[in-house]
Amino acid sequence: MDKALQTMITNMPEKTGKSLEQWKAVLKTKSFSKHSEAVNFLKKEHQVTHGFANTIVTLSKEETHTPTDLVEAQYKGKESLLPIYEQLLTVVKKFGEDVVITPKKTTVSIIRKKQFALIKPATKTRIDLGLKLKEVPTTERLENSGPFGTMCTHRVKISTTDEIDNQLIDWLQQAYQKAD
């Protein structure tokens, strides 16, 4: 953490009357659609200076989620898709020690030196697997990337673990090899 920011957090109770955690609790009791609304609330209702108010609001947005928390949130209400997700991870982990699995808010990136696949629970009954396979033509099953845009070149829709077949594993392996 930046030294000036740490000093500001350390001085916060003395200068504002509350610790950062206490201010975060105050902000959680309200709902703001804009950053500036929360800053103005702290300034007007609690006489917090602009610098402290801005810092409190900014840091209150930085929630720390573990990778497990992120995956659980993605599959909430879509728990039936977890066996597909887990089987995809089992497959990619066999490719090499250099595979990195990075859960994000709505997707899980599969990375070597570059991202080569993306797993997204698209609906309650389907996972979309994004693949980076430049110069590979699309097929009925290996579609264009759709909602993944430039993050991937292709997408495969998966509704059951049976669809994680040799063809799909081969596409994943190709994407992994190209991400070197």
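Analyst: Start with Glu 135, which is exposed at 83% relative accessibility (exposed means over 50% relative accessible area, buried under 20%, partly exposed in between; 1.4 Å probe, protein chains only). The model is predicted: local features need pLDDT of at least 70, side-chain atom pairs pLDDT 80 or more, while totals for chains, interfaces and linings use all residues. Numbering runs from 1 along each chain as its sequence is written, and side-chain values use heavy atoms, without hydrogens or water.

Glu 135 sits in the loop between β4 (127–131) and β5 (143–144) (strands are DSSP E runs of at least two residues, helices H or I runs of at least four, numbered from the N terminus). Its phi is positive, about 65 degrees, although Glu 135 is not a glycine. Gln 47 is another non-glycine with a positive phi, here about 55 degrees. Gln 47 lies in the loop between α3 and α4. Gln 47 is also exposed, with a relative accessible area of 60%.

Now the helices on either side of that loop. Helix α3 spans residues 35–46, and helix α4 spans residues 50–61. They pack at an angle of about 130 degrees, and their axes are 9 Å apart (lines fitted to C-alpha atoms over the stretch in contact; angles from 0 to 180 degrees between N-to-C directions). That makes α3 oblique to α4 (under 35 degrees is roughly parallel, over 145 roughly antiparallel, 65 to 115 roughly perpendicular, the rest oblique). From α3 come His 35, Ala 38, Val 39, Leu 42 and Lys 43. They meet His 50, Ala 53, Asn 54, Ile 56, Val 57, Thr 58 and Lys 61 in α4 (contact is heavy atoms within 4.5 Å). By class, this contact has 6 nonpolar, 4 polar and 2 charged residues (nonpolar: Ala, Val, Leu, Ile, Met, Phe, Trp, Tyr, Cys, Pro; charged: Asp, Glu, Lys, Arg; polar: the others, Gly among them).

Thr 55 is also in helix α4. At 11% relative accessibility, Thr 55 is buried. Beyond its neighbours within four places in sequence, Thr 55 is in contact with Leu 5, Met 8 and Met 12.

Helix α2, residues 20–28, has Leu 20, Trp 23, Val 26 and Leu 27 as its buried residues. These cover an arc of only 115 degrees around the axis, so they lie on the same side of α2 (the arc is that of directions from the helix axis to the C-beta atoms).

Helix α6 (residues 82–93) packs with helix α7 (residues 166–178) at an angle of about 55 degrees, with their axes 10 Å apart. The two are therefore oblique to each other. Leu 88, Val 91 and Val 92 of α6 make the contact with Leu 168, Ile 169 and Leu 172 of α7. Those residues divide into 6 nonpolar, no polar and no charged.

Finally, Ile 84, also placed in helix α6. Ile 84 is buried, with a relative accessible area of 2%. Not counting residues up to four places away in sequence, Ile 84 touches Ile 127, Ile 158, Ser 159, Thr 160, Thr 161 and Ile 164. Between the C-alpha atoms of Ile 84 and Ala 179 lie 23 Å, and 95 residues along the chain.
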